[in-house]
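I would like to learn how to read its main features.

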Amino acid sequence: MSEGKSNLQKILEAGIFSVTAEIGPPMSADADFVRKRAVELKGKIDAANVTDNQTAIVRMSSIIASYLALLEDMEPVVQMTCRDRNRIAIQSDLLGAYALGLRNVLCLSGDHQSFGNHPQAKNVYDIDSIQLLQALKKMKEEKVFMSGKPTKKPAEFFLGATANPFADPEELQLIRLQKKIRVGAQFIQTQAIYDVDRFAAWMEKVRKAGLHKKAYILAGILVNKSLKSIEMTKKVAGMLVPDVFVERMKNAASQESEGVKIALELIEAIRKIDGVSGIHIMAVGWESIVPEIVKKAGFLPRPAI
Amino acid sequence: MIVAEPKPIEEIVKSLEGCKEIVVAACGTCVTVCMAGGEKEALELATLLELRCPGIRARVVAPKRQCDVEFLDEIAGDAENADVILSMGCGAGVQFMAERFCGKPVIPAVNTKFIGVTRDMGVWTEMCQGCGDCILEKTGGVCPVTRCSKSNFNGPCGGSSNGKCEVDPVIDCGWQLIYDRLKALGKLEKLFEIIEPKDWRSSRDGGPRRVEKAEMRIKE
């Protein structure tokens with residue numbers, strides 16, 4: 001895929017329901033860790049998000065880990081946050097990423113550094129995620145940097161953004177989603193969904209605004225391994241986890257099996273919602289479960305395009 | 001106003017090691033209002049230092065403000081006779097005192113925090129970062145640069161929940177405030193506008209800044 005469109009873009013454009021997951025780079029320089037994850041996921045999903053110092057914890061660079069995954073034939077989605085780099089570093093790093101053959105970028109604000117393991121750090125936030133999307137679209141279409149200066153060979157990424165159907169204020173979050181799509185987002189990954197009814201109501205608004213026709217909506221699913229994991233998820237700002245799921249984990253004979261069962265039920269309900277183009281599985285700390293979930297959800301084999 | 005808070009007394013005591021005659025310089029403007037470095041706080045600090053550090057003599061001076069040289073001239077006599085000047089002014093005051101009394105060590109007695117307001121009795125909150133190019137017209141009079149923890153220009157991040165910022169539940173989500181205000185004004189359409197990347201040269205990123213008012217310069 002070193003030239004032209006990414007696998008993920010081709011799948012979505014072909015109208016195939018996409019399946020993506022995540023590779024969290026290691027808190028070390030261990031390349032084998034990434035290779036192992038990539039090999040595990042190869043053929044099971046269409047692309048793997050490679051997180052960018054998620055929760056502001058220092059990990060191997062998203063771009064480098066993405067490249068390691070690509071070498072194993074696992075297509076990555078590079079995550080790029082606005083927290084750690086100014087416009088000079090972001091553009092520079094993404095030119096490099098494109099040169100390495102990476103084709104998907106997910107643009108994010110980034111978790112605030114106060115959550116991570118270097119809360120003493122100075123943050124950047126030179127530009128926000130909408131301005132980043134706008135810049136990357138402009139680079140692609142007009143062959144210019146943010147400065148307006150030309151580049152002979154621009155990075156032409158398949159551009160993604162995030163949306164949280166459960167964050168406040170709801171009306172403004174929807175306006176923000178519209179802005180993201182207007183400035184260049186081609187696919188949207190949502191925050192993890194537990195409350196299907198509320199997500200369905202959100203999708204109705206998305207459809208009403210015609211946004212599902214302008215960008216592919218990929219619904220986020222989080223897989224919990226334990227009661228502790230779902231309790232921690234519930235505490236995250238902007239996450240909505242109905243008590244019934246916590247109760248189910250509490251009462252389960254096997255919390256791991258229950259976690260998988262919940263994820264499969266959610267996938268089954270969400271894939272039927274009109275306007276959803278794919279599922280994005282986040283099995284934070286339990287990546288090895290993804291192949292089983294994908295298989296049980298009936299997503300295999302993945303199409304080769 | 002510029003909001004400051006007193007440094008821990010231990011830190012001040014340590015910085016005064018070996019000094020005998022000290023001048024504690026209050027400032028009559030911002031730090032007086034935020035009760036960090038006014039004449040009252042200076043008198044308290046001087047008393048406390050004399051109790052804590054036997055042999056120290058602390059004299060209080062209270063210039064109208066430390067950021068204009070004419071008021072520093074008024075305290076020159078006391079300042080020149082001291083071993084050290086303990087400034088309770090903001091960072092600008094401390095530095096300006098150090099320029100004016102270049103032969104004397106000038107030590108800060110407060111930590112300068114931010115440009116803010118009195119939110120409640122004894123509570124001050126940050127409102128402005130002095131970024132040099134005000135966009136409050138676009139955002140209903142609520143500053144996203146200062147009041148959004150990520151300085152987002154185009155809406156809230158996904159961590160806004162029940163009107164609060166994910167960073168700390170005592171922080172209001174700046175974008176919730178912007179939304180509420182624009183809604184009350186009937187101007188929600190402003191939120192659809194894409195705010196372009198900021199030119200940070202107007203902020204500190206362009207180096208230490210300077211403002212000149214031409215008509216005032218001509219008089220020289």
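Predicted model: local features only at pLDDT ≥ 70, side-chain atom pairs only at ≥ 80, totals over all residues.

Q: Why does the radius of gyration of chain A agree with that of a compact globule?
A: The radius is taken over C-alpha atoms, and the globule rule is 2.2 Å times the number of residues to the power 0.38. For 305 residues the rule gives a value near 19 Å, and chain A has 18 Å, so the two agree. Along the principal axes, the C-alpha atoms of chain A fill a box of roughly 60 × 45 × 45 Å.

Q: How do the strands of chain A pair?
A: Two strands pair if DSSP finds at least two bridges between them. In chain A, eight strands form a closed barrel, β1-β2-β3-β4-β5-β6-β7-β8, with parallel pairing. The twist from one strand to the next averages 30 degrees; axes here are lines fitted to C-alpha atoms, for helices over the stretch in contact, and angles run from 0 to 180 degrees between N-to-C directions. As one case, β5 (residues 158–163) and β6 (residues 187–192) of chain A are parallel and joined by four bridges. In that pair, A:Gly160 stands opposite A:Phe187 of β6(A).

Q: Is A:Gly160 buried or exposed?
A: A residue is buried if 20 or more other C-beta atoms, placed from the backbone, lie within 10 Å of its own, exposed if 12 or fewer, and partly exposed in between. A:Gly160 counts as buried because it has 31 C-beta neighbours inside 10 Å. In chain A, buried residues make up 50% of the 305 residues.

Q: Which residues have the most contacts inside the largest nonpolar core?
A: In soluble globular proteins, nonpolar side chains tend to be buried together. A nonpolar core is a set of buried Ala, Val, Leu, Ile, Met, Phe, Trp, Tyr and Cys residues joined through C-beta atoms within 7 Å. The largest one here has 90 residues, and A:Ala48, A:Ala69, A:Ile188 and A:Ile221 have the most contacts inside it. A second, separate core has 38 residues, among them B:Val3, B:Ile12, B:Cys90 and B:Phe101.

Q: What sheet do the strands of chain B form?
A: Four strands of chain B make an open sheet in the order β3-β2-β4-β5, with parallel pairing. Its edge strands are β3 (57–61) and β5 (106–108) of chain B, each pairing on one side only. Strand β4 (residues 84–87) of chain B pairs with β5(B) over three bridges, and B:Ile85 has B:Val106 as its bridge partner in β5(B).

Q: How many residues does each chain bring to the contact?
A: Two residues are in contact if their C-beta atoms, placed from the backbone, lie within 7 Å. Chain B brings 25 residues and chain A brings 26 residues.

Note on methods:
Residues numbered from 1 in each chain as written. Chains lettered and ligands numbered in written order. Helix = DSSP H or I, 4+ residues; strand = E, 2+ residues; numbered from the N terminus.
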